Each structure stands twice: as structure tokens, then as C-alpha cells.
Amino acid sequence: MNVALALAEPGDRVGLVAPYYFNHLMALQMTGLADTLVPCPSEPHSMLPDLAALEAVIPGMKMLTLCNPCNPTGVVYPKDFLQRVSDLCARAGCWLVVDNTYEYFVYGEHEHDALSGDHVVNIFSFSKAYGMMGWRVGYLAYPPALEPSLMKVQDTIPICPPIISQRLALETLAFGREWVLSHFETLGKNRGAVVAALQEGLQTASTPDNGARVYGGQGAIYLLAKLPHHFQDDAVLVERLAKEHGVVVIPGAATRGRS
């Protein structure tokens, strides 16, 4: 939310790529920017932004926000694709904000990349990689010219995280990426089990061309399941899973996704 307050004002056009992290939408709503939100569609198979559609709507846009790896799809942006998005933003005079919370959470041969530039703001967090969800501490990488605006927001809202949170965050940096990866094996196995179960279940319940498919899952701790066409309301299935099986999932409709 600090970044949104520093970069844009009510009335400015801002963009989110669907499916998007619903907290990003809530930050725009809380800062008065949701009324001028421009939804940017993703490609139906890769779940990466539709570059042709983005190029059509980006003129006049003040800020575009991405999540890499993506919450809620788990899609990892290839470096060359991320660069193409960045170039589009640069030509349009649009800020590119990238949420890198799950930077270490990538599977197989996929890699996370972060770009820099005079129009790029990168967001990082200690919450997921170091298990510090309740400590509320992270950091930004941003061009120097943006610092005065960011400091005004920081001074009038949080001032700073608690000192104990800052000290713990500094300690975690000494452990670094290798420590995170040493705890990653179980997560990778769990992800594989979920993907396999979903693929088997959708295949069993599917007929040709009914649309059922599993998307994403290359990174983060998320993926997106496209239900067969006869499911008209994903919230109904979400409720059944919770009540009948004790499994809690988020409906894709909450992220403007196709679930």
C-alpha cells in the first residue's frame, strides 16, 4: 500500500494482471485507486500477461503491478518475458511494481529473476521464505528519485516495523538463500502430490473439450485448477470441499481468475 500511495493518486489509471493477488486489489481499494483499475488479461494456457492486450491498455496507465512467482497461479515469469513487460511500461511512462515475495520458491529448472530500472519498484518480504508472517517486515528496491515520496508515506503510516522484527530480519539475511532451500524439499514433494492428485481427479471427471486443466505451479505455493465447464459457480465447489472433505481452497473468482 505504501508503494501505491507514493506512485499514484485517485484518478490515475492502474493495472493488475488477472488472476491477481486479492491483497493487491485491496491496497488499491484502500488508497482510492480501484475505481480506475484496468484489468489486464492473461494468456489462457501460459497464464502470463497477454502482451498484445497489455500494449493496448497501457497508454496513460500510471502503475502496473505483477507478482513473480505469481500468487495465485504459481506461474514464474521468464526473464525475457519480464523484460518485455518492463519495456512496455518504460515506453508508456508507467511504473512497474513487482512483488517478489516468493523469489526463492521455484521448482525444477525454473528461475526467479528481478529487473531494475528508473521505472521499476521491487517488493521483497521475509514473511514466506523465513517464516516471519506475523513480524510484518520486508523491503523495497527502488530508483533514488522515488525516495522522498516513499519516505513521506513511511513517516505518516508505519514509521518503521518493531525493532525486534528488524533485528530478526537482519539475522535471517546471514542465513540467506541456501538456508531457505534446505527446507524446501518437503514443500516440493507436497506440491508434486497436489498437482498429481488434481490432474488425476480432473481427468477422471472430464470429457473431451470440457476445459478441465491444472495451470501454473512452477513457483510459490499456488496453482490454479480450471473446472469442467458444467461448474457454473466455483464458490459452490469450494464450500463442498470445506464442509464435506475438510479441504480449504480459494475460489478463482476472488482473483478474477478462471477456476
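Residues are numbered from 1 along each chain as its sequence is written, and side-chain values use heavy atoms, with hydrogens and water left out. As the model is predicted, local features need pLDDT of at least 70 and side-chain atom pairs count only at pLDDT 80 or more, while totals for chains, interfaces and linings use all residues.

Helices and strands are DSSP runs numbered from the N terminus (helices: H or I, at least four residues; strands: E, at least two). Helix 6 covers residues 163-182, which is 20 residues. From its first C-alpha to its last, helix 6 reaches 28 Å, close to the 28 Å expected at 1.5 Å a residue; the expected span is 1.5 Å times one less than the number of residues. Helix 6 bends by about 80° at Gly176, where the bend at a residue is the angle between axes fitted to the seven residues ending there and the seven starting there. Gly176 is also one of the buried residues of helix 6, together with Ser165, Ala169, Thr172 and Val180. Buried means under 20% relative accessible area, exposed over 50%, and partly exposed in between (1.4 Å probe, protein chains only). An α-helix has 3.6 residues a turn, so residues three or four places apart point the same way.

The structure holds 9 aromatic pairs. Rings of Phe, Tyr and Trp (its six-membered ring) pair if their centres lie within 6.5 Å; planes under 30 degrees apart count as stacked, over 60 as edge-to-face and the rest as tilted. Tyr102 and Tyr222 form an edge-to-face pair, because their ring centres are 5.4 Å apart and their planes stand at 90°. Tyr102 lies in the loop between strand 4 (95-99) and strand 5 (120-125), and Tyr222 in the loop between strand 7 (213-215) and strand 8 (224-226), so the pair ties together parts that are 120 residues apart in sequence. Tyr102 counts as buried at 3% relative accessibility, whereas Tyr222, at 24%, counts as partly exposed. Ring pairs also link Phe124, Phe126, Tyr130, Tyr139, Phe175 and Trp179 into a cluster.

A cavity is a set of points where a 1.4 Å probe fits but cannot get out, and a pocket is an open set with protein on both sides within 12 Å along at least five of seven lines; lining residues have an atom within 4 Å of a point. Grid points are joined across faces, edges and corners, and a volume is the space filled by probe spheres set on the points. The largest pocket has a volume of about 1,500 Å³. It is lined by 41 residues, of which Met1, Asn2, Ile123, Arg136 and Leu140 are the closest to its centre. Among the elements that give two or more residues to this lining are helix 1 (2-7), strand 6 (138-141) and helix 5 (147-156). Helix 2 gives the most, with 5 residues.

The count comes to 1 cavity of 30 Å³ or more. The largest cavity holds about 110 Å³ of space, and the closest to its centre of its 14 lining residues are Val17, Pro19, Cys67, Cys70 and Tyr77. Strand 3 supplies the largest share of this lining, 3 residues.

Pro19 is found in the loop between strand 1 (13-17) and helix 2, and a cis peptide bond with omega of about 0° joins Ala18 to Pro19. The peptide bond from Asn68 to Pro69 is cis as well, with omega near -10°; Pro69 is placed in the loop between strand 3 and helix 4 (79-92).

Positive phi values occur in residues other than glycine: phi is near 65° at Met47 and near 60° at Ala220. Met47 lies in the loop between strand 2 (37-40) and helix 3 (51-57) and is buried, with a relative accessible area of 5%. Ala220 is in the loop between strand 7 and strand 8 and is buried at 1%.
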